[in-house]
Amino acid sequence: MNSSHPRQMVQQLAQRFAGRASGPAAMTERVPVSHYTDPQHFQRELQTLFLQRPLVLCHETQLAQQGDAIVQDWLGIPMITVRDKQGAINTFINVCRHRGMRLVPEQGQACLRSLVCPYHQWTYGLDGALRNIPRQESFADLDKKQLGLVTLPTAVRNGLVWVQPTPGKTMDIDTHLAGLGEDLDFFQLGAFSYCQQSVRNVDANWKLIQDAFLDGYHVARLHKHTVGPFFPDALAESNFIGDHLRNAVARNEIEEAVDLPAEQLGDLRRYATFSYTTFPNSVLIFHPEYISIIALFPQSADSTVFVHTMLTPDVPADEAQRDHFLRSFQLIDEGVFAAEDIFAAAGTQQGLRSGANDALIFGGLEEAAVRFHNLIARELA
C-alpha cells in the first residue's frame, strides 16, 4: 500500500518515535537457503527478473558529452551505452556484425569517436549504424543499412539510464516505474551530477546484498562504529510503489519532526534516510549531502557485481569541494558498504555453504525484506 507522499512516512516515523503509533507486528518468516545457493533457482531469477525487465545502469550525467560511453559485461552480455552526436543515449551489443569480434575490448568508461572493429576495421557510428566496410567490393549483396549494431532498449527517466538487456523487446519504462518518478523528482534525482564510482565483485548472492539494504534492524548493530550512532534503533517504515519499495530509516533528528505539520518539515533527508529499491537490481539512497546509486548484476548464485555511484547536488566548484565529496565517497563506499554490508553478505554466503541452516529467518523489523522476497516468489511462480 502506497503513502501518497514521503512526508507521510516521516510523520509516521515521528509518531512512532513519540510513542503515539505502533511499529510492525511481530512475525516469523523463512526463506529457503536454496534460494541463495541453488544454480537452477539463480538461472530462473536471471532469465525472469534481470533479462526481461528494465534495469538501472547509471545516471545520465555519467554520459555527459557526445561519445561518452560505459562498456560492461555485467550480465554476461557485452554492452556499450553511449551518447550519440544528437545527444541521445543508446545501448548496443558490443559485437561486430561481420565476424562477431568484440568492438571495444576494455570494460569501463570510455570516450569514443566511432566504434571500429579491431579485426577487420568495420566501422560504426555512435548511433550504431554501419559506416564503413573496408574493401566492400569483395562482398556480394551486402546492405549496410541491415548491419547496424544490435540495439538494446534504453530510456532515460528522472536522470537515470535504464536498459533492458534482451534484443527485440519493447521497454515500457513508465509502466515499470508505476509512479516512482514522482518521488524521484521530489528528491531532485535528475538535477544531481555524477561524481565517483566503484565496481567490485562480491562473493555473495545478489539477494543477500538487497536484504542488507532492506533491513533497519541491523543499522545500530552492524554499523555501530560508523553510521549507526546517527540513527535510533530499528525505527523504519516501508511501502510499495508498484513493484518498487520505498524505505525510510529515521535519523536522530526525527525528534524535531514530532509536532511539525507536514508543510513545515522542509528537507525530509534531515529526519530520515530514504532509499528506493527499484525492482529488481538497484537501491537509490538519499543521504543528507549526496545520493548513492547501488546497482547489482548477478554473475552466479554466489557472485554479484556491485556498482556504487555517488551523485552530488552540483559538479564540485573547486578542488576543496571535490576532495570533500571524494572523502565522503571513500567513507561510505569502503568504510560502510564494503567493510560492513558486503562483509555481512559474503559472510552469510559462506555460512550458507555449511549446511547449518535450511532457511533464513526474518522478523517484524525485517518486514521490507520479506516483502521483497514475496515479490520475487510472485514473479517466479
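## Exposed and buried salt bridges

Both R135 and E137 are exposed, where exposed means over 50% relative accessible area, buried under 20% and partly exposed in between (1.4 Å probe, protein chains only). These two residues form a salt bridge whose closest N and O atoms are 2.4 Å apart. A salt bridge here is a side-chain nitrogen of Lys or Arg within 4 Å of a carboxyl oxygen of Asp or Glu. By this rule the structure has 19 salt bridges. The model is predicted, so local features need pLDDT of at least 70 and side-chain atom pairs pLDDT 80 or more, while totals for chains, interfaces and linings use all residues. Residues are numbered from 1 along each chain as its sequence is written, and side-chain values use heavy atoms, with hydrogens and water left out.

R246 and D183 also form a salt bridge, at 2.5 Å from N to O. This pair links distant parts of the chain, since R246 is in strand β15 (residues 244-250) and D183 is in helix α5 (residues 180-186), 63 residues apart. Helices (H or I, at least four residues) and strands (E, at least two) are DSSP runs, numbered from the N terminus. R246 counts as buried because its relative accessibility is 0%. D183, at 7%, counts as buried too.

## A loop pair and a network

The side chains of R270 and E256 form a salt bridge of 2.8 Å, N to O. Both R270 and E256 are in the loop between β15 and β16 (272-278), 14 residues apart. R270 has a relative accessible area of 42% and is therefore partly exposed. E256 is partly exposed, with a relative accessible area of 42%. Elsewhere, salt bridges that share partners join R53, D243, R378 and E379 into one network.

The largest pocket has a volume of about 990 Å³. A pocket is found on a 1 Å grid over the protein atoms alone, as an open set of points where a 1.4 Å probe fits, with protein on both sides within 12 Å along at least five of seven lines; lining residues have an atom within 4 Å of a point. Grid points are joined across faces, edges and corners, and the volume is the space filled by probe spheres set on the points. The lining has 45 residues, and V219, V227, F231, V249 and T273 lie nearest the pocket's centre. Helix α8 gives the most to this lining, with seven residues. The lining divides into 24 nonpolar, 13 polar and eight charged residues.

The second largest pocket holds about 340 Å³ of space. Its lining has 15 residues, of which D211, A212, D215, T348 and E366 lie nearest the centre. Here α8 again gives the most, with four residues.

## Aromatic rings

The whole structure contains twelve aromatic pairs. In one of them, F186 and F187 are edge-to-face, 5.0 Å centre to centre with 75° between the planes. Rings of Phe, Tyr and Trp (its six-membered ring) pair if their centres lie within 6.5 Å; planes under 30 degrees apart are stacked, over 60 edge-to-face and the rest tilted. F186 counts as partly exposed because its relative accessibility is 29%, whereas F187 is buried at 7%. Ring pairs link F186, F187, F274, Y276 and F286 into a cluster.

Methods:
Nonpolar A, V, L, I, M, F, W, Y, C, P; charged D, E, K, R; others polar.
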